[in-house]
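Trainee: Could we go through this model together, starting with its surface? I would like to know the terms before we get to the residues.

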Amino acid sequence: MTDSQATAPAPRNADWIEAIAFDANGLVPAIAQEAETGRVLMFAWMNREAVAKTVELGEAVYYSRSRQRLWHKGEQSGHVQTVREIRLDCDGDVLLLSIEQHGGIACHTGRESCFYRRLGDGRWQVVDEVKKSPGAIYGERSMERPVATADSPPAARPSGDVLERLAALLEERKGADADSSYVASLYRKGRAKIAQKVGEEGIEVALAAVGDDPNELTNEMADLWFHSLVLLADANQTPADVLAELERRFGLSGLEEKARRAQD
């Protein structure tokens, strides 16, 4: 795709889009690669409208499965992706976007690439530095504002995205002053103290569960989740790691999982 093509409007049902093998959900995986260096920066999904919008604007527009709507990459952060070229793989079911990443940051954690962890010594190690803190990028705003369309559904309740935003903030707090940050003070006390706090919050949840106020249960559960995320961050783990494990267990009998653990 040339520069002139990048800004030219594309018909929604253009012949070229018919060559893309969208999955049963109408989606196709899209990989964003830095045009100059060839580094893979991120992975996301596109539907037909996102693909057409990307070609029309000359900037990457993706589809959020959690929010079920389009999102224009960098609309709030300023880290837009100018698309230099789009390629389709041999099976027609994967898109490769050669892009110019404005601001040098593609990941919501403030790193250049979303692939900032490398497997080594039996664990995932963070190998890329944060170029700009998520707090400085987004402040109190949502990570990326979705692109409004004619058939966009009503605004949904908060999704799992808030876990990723919170995880990014907790990662940032690792370098904060322990005297001015509660999270940083927990990190300074050590993992055993954080684990103890998680245990205490678990007891509070159990007590609230047998009480008469459902809002109290919600509040205590939020405290438990928050401190659990702090514990994950201290161990260099993320909500995505937990969600991946839950995905692995999905459809697996709880009895089977329990038996497997007993064998291990």
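Mentor: Let us begin with the word patch: patches are made of residues with over 30% relative accessible area and no salt bridge, where like charges are joined within 9 Å and nonpolar side chains (Val, Leu, Ile, Met, Phe, Trp, Tyr) within 5 Å. Accessible areas come from the Shrake-Rupley method with a 1.4 Å probe, and for residues only the protein chains shown count as cover. A salt bridge is a side-chain nitrogen of Lys or Arg within 4 Å of a carboxyl oxygen of Asp or Glu.

Trainee: And what should I keep in mind about the model itself?

Mentor: This is a predicted model, in which local features need pLDDT of at least 70 and side-chain atom pairs count only at pLDDT 80 or more, while totals for chains, interfaces and linings use all residues. Residues are numbered from 1 along each chain as its sequence is written, and side-chain values use heavy atoms, with hydrogens and water left out.

Trainee: Which residues form the nonpolar patch on the surface?

Mentor: The nonpolar patch consists of V40, F43 and F115, which together have about 270 Å² of accessible area. F115 sits in the loop between β6 (95-101) and β7 (117-120), where helices (H or I, at least four residues) and strands (E, at least two) are DSSP runs numbered from the N terminus. With a relative accessible area of 47%, F115 is partly exposed; buried means under 20%, exposed over 50%, and partly exposed in between (1.4 Å probe, protein chains only).

Trainee: Which residues form the negative surface patch?

Mentor: That patch is made of E200, E204, D212, D213, E216 and D223. The elements giving two or more residues to the negative patch are α7 (191-209) and α8 (214-234). Here Lys and Arg count as positive and Asp and Glu as negative, with His and the chain ends not counted, and the place of a charge is taken as NZ of Lys, CZ of Arg, CG of Asp or CD of Glu. E204 belongs to helix α7 and is partly exposed, at a relative accessible area of 36%.

Trainee: Changing topic, how many salt bridges are there?

Mentor: The structure holds twelve salt bridges. One of them pairs E100 with R84, whose closest N and O atoms are 2.3 Å apart. This pair links distant parts of the chain, with E100 in strand β6 and R84 in strand β5 (residues 81-88), 16 residues apart.

Trainee: What about D179, what does it pair with?

Mentor: D179 forms a salt bridge with R188, and the closest N and O atoms are 3.6 Å apart. D179 counts as exposed at 65% relative accessibility, and R188 counts as exposed at 58%.
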